[in-house]
Amino acid sequence: VMIGYGVGMIIKAGGSTGGFDIIALLVEKYFHIPVSLVFNTIDLSILLLQFSFHSPEQIIYGVVTVMLTAYMMNYTLMSGKGLAQIMVMSDKYSAIQNAILTQGNAGVTMLEGLKGYTNSQTQVLLSVILLSFYLLILYVCFYICHYPIGFFPIYFHQSNPHFANQC
């Protein structure tokens with residue numbers, strides 16, 4: 001358990017232990033395959049090679065160890081990488097759009113909206129951002145508008161943002 005946590009922390013910080021994780025980091029960098037998937041594939045291939053010269057007890061011990069290590073490494077790598085889908089309604093949509101694009105490191109979809117109270121047309125910004133940028137974007141929106149705006153978190157999701165960027 002502690003090995004998986006430690007390896008996960010090292011990889012998350014951009015480092016390497018000097019073992020198989022170097023291969024996993026290179027594969028992720030050039031082929032955009034998640035580190036955990038490469039790491040688990042390497043571990044699985046090593047376990048399959050054990051069948052020819054180890055006892056069943058040692059193989060079971062190896063499988064359990066790899067499963068626990070992989071779980072903790074994946075958990076550590078994925079922590080803090082949740083996504084939030086947000087909608088923003090404001091007359092200053094252009095400035096907010098620019099802030100999300102530059103400071104939030106995310107894309108923005110522009111939608112046409114209708115204000116329920118005034119029955120007037122408005123622009124609605126839809127974006128999926130990293131959870132770590134959520135408060136920053138919220139503060140930037142309040143700073144730009146100088147008054148409360150329609151800012152609605154719609155959906156929070158714990159996932160790998162690497163895949164979200166490819167959609």
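A nonpolar core, as I use the term today, is a set of buried Ala, Val, Leu, Ile, Met, Phe, Trp, Tyr and Cys residues joined through side-chain atoms within 4.5 Å, where buried means under 20% relative accessible area, exposed over 50%, and partly exposed in between, with a 1.4 Å probe and protein chains only. This is a predicted model, in which local features need pLDDT of at least 70 and side-chain atom pairs count only at pLDDT 80 or more, while totals for chains, interfaces and linings use all residues. Residues are numbered from 1 along each chain as its sequence is written, and side-chain values use heavy atoms, with hydrogens and water left out.

The largest nonpolar core holds 16 residues, and those with the most contacts inside it are Ile86, Ile96, Ile100 and Ile129. At least two of its residues come from each of strand 1 (82-89), helix 5 (93-102), strand 3 (121-130) and helix 6 (134-145), these elements being DSSP runs numbered from the N terminus, helices H or I of at least four residues and strands E of at least two. Helix 6 gives the most, with six residues. Apart from this core lies another, of ten residues, among them Val27, Val35, Ile42 and Leu77.

Turning to confidence, pLDDT is the predictor's confidence in each residue, from 0 to 100; the protein averages 78, and 86% of the residues score at least 70. Over residues 157-167 the pLDDT is below 50, although this stretch has 20 contacts in the model beyond near neighbours in sequence, a contact meaning heavy atoms within 4.5 Å. Where pLDDT is low, the predicted coordinates should not be read in detail.
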